[in-house]
Amino acid sequence: MNVSLRQLRVFEAVARLLSYTRAAEELHLSQPAVSMQVRQLEDEAGLALFERLGKRIVLTEAGRELYHYSRQINRSLVEMEEVLESLRGVNRGHLQVAVASTVNYFAPRLLAVFQQRYPGIRLTLDVTNRETLVQLLDANAVDLVLMGQPPSDVEVEATPFMENPLVVIAPPDHPLAGGQRIALVRLAEEVFVMREPGSGTRQAMERFFSEHGLSIRQGMQMTRNEAVKQAVRSGLGLGVVSLHTIELELETGRLVTLDVEGFPDRRQWHLVTRQGKRLSPAAQAFRAFVIEEAARIAAPACVRACLE
Ligand code: PGA
């Protein structure tokens, strides 16, 4: 059987994401190029690897078998690259960091300091939501991930490195603005603008309310923190966001945080790697840098002041 590594890499991405479009995005290829690689692999195997169910694609039995092996082969290839990388020394090589969309409010600040220290390291930053981060970890497709709650269904090593306070936000003219020690149950009367279900912020928020036996009313759903903030500003409801996302709005008075019982919900940011992953010297340097210095470099002034 004449199968190329490229075909297996493309197939692995399509099988993991169950989408030609998303695989093409991840691999920086066009969708026809991705379909062609899969078709060639199917011709070579003499079997269909995917079948269509309406708009979805699913793996056939042959596809599932091939997925098992293509994952193993991809992991070995990544491991091979890691071994070679580790022989090259710290100030070189390529470091792939993926962060939760909320982390992007402070990640560039960290990367700027790190890059100054290690100008020879080529950094790639992938910004995506929690659900995709878990998939990236599972596929061993990144070196390090910065996220809120570490996943429980993938074997990882996670180290907390900075506080992530979740706060309730409102427009400055909201009736609850300026109120002190607002009872948590009072929130049941409000509508909340929510992030999408794959968001770590959304999951933390749901966990908090369910732990406190409160069911809240869901208003609009949005896939970006920026959209949630704009919606809250426009009076579409209250929101729960990380304090890291509203530094500017608090400074300019465009949004306020509400003093609600139980808030801020003090969560932690974690640095997460796949269990047993062989980190290159560059990745080890980044890991140490984040754990030791991120809180000093990246906690916005308001995070410190607002929590005192
Ligand atoms: P999110 O992630 O940007 O997906 O909400 C934040 C988190 O991981 O807690």
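**Entry 1: terms and overview**

Helices here are DSSP runs of H or I with at least four residues, strands are runs of E with at least two, and both are numbered from the N terminus. I am working from a predicted model.

I started with the whole protein. I count 11 helices and 11 strands. The C-alpha atoms fill a box of roughly 70 × 50 × 30 Å along the principal axes. Of the 308 residues, 47% come out as buried. The protein exposes about 15400 Å², and carbon and sulfur atoms supply 48% of that area.

Residues 24 or more positions apart account for 76% of them.

**Entry 2: domains**

The domain assignment gives me domain 1 (5-83), domain 2 (90-162 + 268-307) and domain 3 (163-267). For domain 2 and domain 3, I noted that the C-alpha centres lie 25 Å apart. Their contact takes 20 residues from domain 2 and 23 residues from domain 3.

**Entry 3: the largest pocket**

Next I went to the pockets. The largest one has a volume of about 1200 Å³. I find 37 residues lining it, with Glu26, Gln96, Leu136, Ala141 and Val142 nearest its centre. The elements that give two or more residues to this lining are α1 (5-17), α2 (20-27), α4 (61-88), β3 (94-100), β4 (122-128) and α6 (130-138).

By class, I get 11 nonpolar, 10 polar and 16 charged residues in the lining of the largest pocket.

Where does the largest pocket lie relative to domain 1 and domain 2? Both domains give residues to its lining, so I place it between them.

**Entry 4: the second largest pocket**

The second largest pocket has a volume of about 240 Å³. Its lining has 23 residues, and I wrote down Gly148, Gln149, Gly200, Thr201 and Trp269 as the closest to its centre. At least two lining residues come from each of α6, β6 (156-170), α7 (200-211) and β11 (265-274).

Which element gives the largest share of this lining? I find that α7 does, with 5 residues.

The classes for the second largest pocket are 6 nonpolar, 13 polar and 4 charged residues. Domain 2 and domain 3 each supply at least three residues of its lining.

**Entry 5: glutamate 196**

I picked out glutamate 196, which sits in the loop between β7 (191-195) and α7. Is glutamate 196 buried or exposed? Its relative accessibility is 9%. Buried means under 20%, so I log glutamate 196 as buried.

Then I listed what glutamate 196 touches, leaving aside its neighbours within four places in sequence. Its contacts are Asn129, Arg202, Gln221, Met222 and Thr223.

**Entry 6: methionine 36**

Last stop was methionine 36, in helix α3 (residues 31-45). I get 39% relative accessibility for methionine 36. The cut-offs are under 20% for buried and over 50% for exposed, so methionine 36 goes down as partly exposed.

I also checked a distance from methionine 36 to alanine 299, which is 263 residues away along the chain. The C-alpha atoms of methionine 36 and alanine 299 are separated by 47 Å.

Definitions and conventions. Residues are numbered from 1 along each chain as its sequence is written. This is a predicted model: local features need pLDDT of at least 70, side-chain atom pairs count only at pLDDT 80 or more; totals for chains, interfaces and linings use all residues. Side-chain values use heavy atoms; hydrogens and water are left out. On a 1 Å grid over the protein atoms alone, a cavity is a set of points where a 1.4 Å probe fits but cannot get out, and a pocket is an open set with protein on both sides within 12 Å along at least five of seven lines; lining residues have an atom within 4 Å of a point. Grid points are joined across faces, edges and corners, and a volume is the space filled by probe spheres set on the points. Ala, Val, Leu, Ile, Met, Phe, Trp, Tyr, Cys and Pro count as nonpolar, Asp, Glu, Lys and Arg as charged, and the others, Gly among them, as polar. Domain bounds come from an automatic or database domain assignment. Buried means under 20% relative accessible area, exposed over 50%, partly exposed in between (1.4 Å probe, protein chains only). Contact means heavy atoms within 4.5 Å. Accessible areas come from the Shrake-Rupley method with a 1.4 Å probe; for residues, only the protein chains shown count as cover.
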